[in-house]
Amino acid sequence: ITRAHLDQIAAVDGAVHSFLHIESDRALEAARRVDAKRAAGETLGPLAGVPLALKDVFTMTGAPTTAGSKMLEGWVSPYNATVTQRLLDADIVILGKTNLDEFAMGSSTENSAYGPTRNPWDLDRTPGGSGGGSAAALAAFEAPLAIGSDTGGSIRQPGSFTGTVGIKPTYGGTSRYGQIALASSLDQPGPCTRSVLDAALLHQVIGGHDPLDATSIDAPVPDIVGAARSGDIRGMRVGVVKELGGEGYAPGVEQRFRETVALLESLGAEIVEVSCPHFDYAMAAYYLILPAEASSNLARFDAMRYGLRVGDDGARSTEEVMAMTRGAGFGEEVKRRIIIGTYALSAGYYDAYYGSAQKIRTLIARDFRAAFEQADVLVSPSTPTTAFRIGERIDDPLAMYMNDLCTTPSNLAGNASASFPVGLSPDDNMPVGFHVMAPAMADDRLYRVGAALE
Ligand code: GLN
């Protein structure tokens, strides 16, 4: 199985560019170890021997971790991320590291310092981002399982664009230890797969308490595998969020959304309309909170500790070397966000920008709480449009940010959410995603709905 996937990578990755780094030898060795264990009659986990593509923000010893940036080129981590370690402990075979927008900032992988990934459904289009590499690897059958990280939609939006399943677990439900931080209060690792049950099995492997992550929740993961096997949604109250739809949404996306809601109703769900008035401000709050946290997290790339160092000729000051390295090592979008973030956090502006954004964040969490009294899950399209063309939005940051309209509220509130494939848009024959949001620690509800739709 591993060799077949490595062959598929060799055949298609020149065109798709899902991978930044391929670990053929280690993957084959891991696969052989699984065969030996099986031959010796040892008990193996349900995903033992199944190959996986790992987003290149998770550290893995002996392999590069670049986060899609020149800043980390050549850097090799001395330790495994908890996610990586749990995959290895489960005898999952890691094929390599997948492409992403630099430091996971973006919605198309065009911000990767190593060139964009292409959408296997149409090579002129993006697979979404930031985790476009992981999603494209699934859609191109280069891997049956992948791992992503979702800060504002980077698992769900690429899932939507490639017709695959993307799950953002409850904040604290999967460990961020060893994940290169973008915005620590929003980041969450999660499974990317082609089927709902695969996602649940993978989620079970990586999920659960980790003492190495101070924000990890010390409680058992709900029965997600049972929910994914059942798919029984009779009596479930499904809330359609009034604010997420209408103007700005592609007709084909809206059509598939309405059909999917009708399907859920025919399967026994009760459909209600809910209003979350502060969702209208989610993008504004997200694009202040994220840059604020990112500017702080990225301060560690100072030319002294990791990767790149430019201008260190013995004659320059530390500050000059730092400035030259950061100037050369970070791409345009990363610099834009560092500037926005440091501005928003600076004395005199803090209350007006960061402080206001945090208040909106609280109001969004309250909207969710009120809505979850009327409904067990909330639903919306995953993204306002299907996959756009490479180059179409790259010079227009606001158009790029519009991808995240439906996905950012869940990160701001910390609850669980997912994108499930629901067919192709009649507009352009590209995949459409259906977005499901559940309360924190009720991730099982996502899987129940996903399984019902499959
Ligand atoms: N597209 C969003 C952004 O650019 C999401 C990023 C993410 O989830 N890592 O910030």
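1. A residue counts as buried if 20 or more other C-beta atoms lie within 10 Å of its own, as exposed if 12 or fewer do, and as partly exposed in between, with C-beta atoms placed from the backbone. Helices (H or I, at least four residues) and strands (E, at least two) are DSSP runs, numbered from the N terminus.

2. The model is predicted: local features need pLDDT of at least 70, side-chain atom pairs count only at pLDDT 80 or more, and totals for chains, interfaces and linings use all residues. Residues are numbered from 1 along each chain as its sequence is written.

3. On helix α2, the face turned away from the buried side carries exposed Asp-25, Glu-29, Asp-35, Ala-36 and Ala-39. Buried in α2 are Ala-27, Ala-30, Ala-31 and Val-34. They lie on the same side of α2, because they cover an arc of only 100 degrees around the axis (taken from the directions from the helix axis to the C-beta atoms).

4. The cover over the buried residues of α2 includes α1 (2-16), β2 (51-55) and β3 (93-98). After α2 comes Gly-41, with a positive phi near 75 degrees.

5. The largest nonpolar core has 128 residues, and Leu-52 and Val-436 have the most contacts inside it. Such a core is a set of buried Ala, Val, Leu, Ile, Met, Phe, Trp, Tyr and Cys residues joined through C-beta atoms within 7 Å. Helix α9 (residues 282-297) gives the most to this core, with nine residues.

6. Leu-52 touches residues including Leu-87, Ile-92, Val-93 and Ala-143, not counting residues up to four places away in sequence. Contact needs C-beta atoms, placed from the backbone, within 7 Å.

Conventions:
Two residues are in contact if their C-beta atoms, placed from the backbone, lie within 7 Å.
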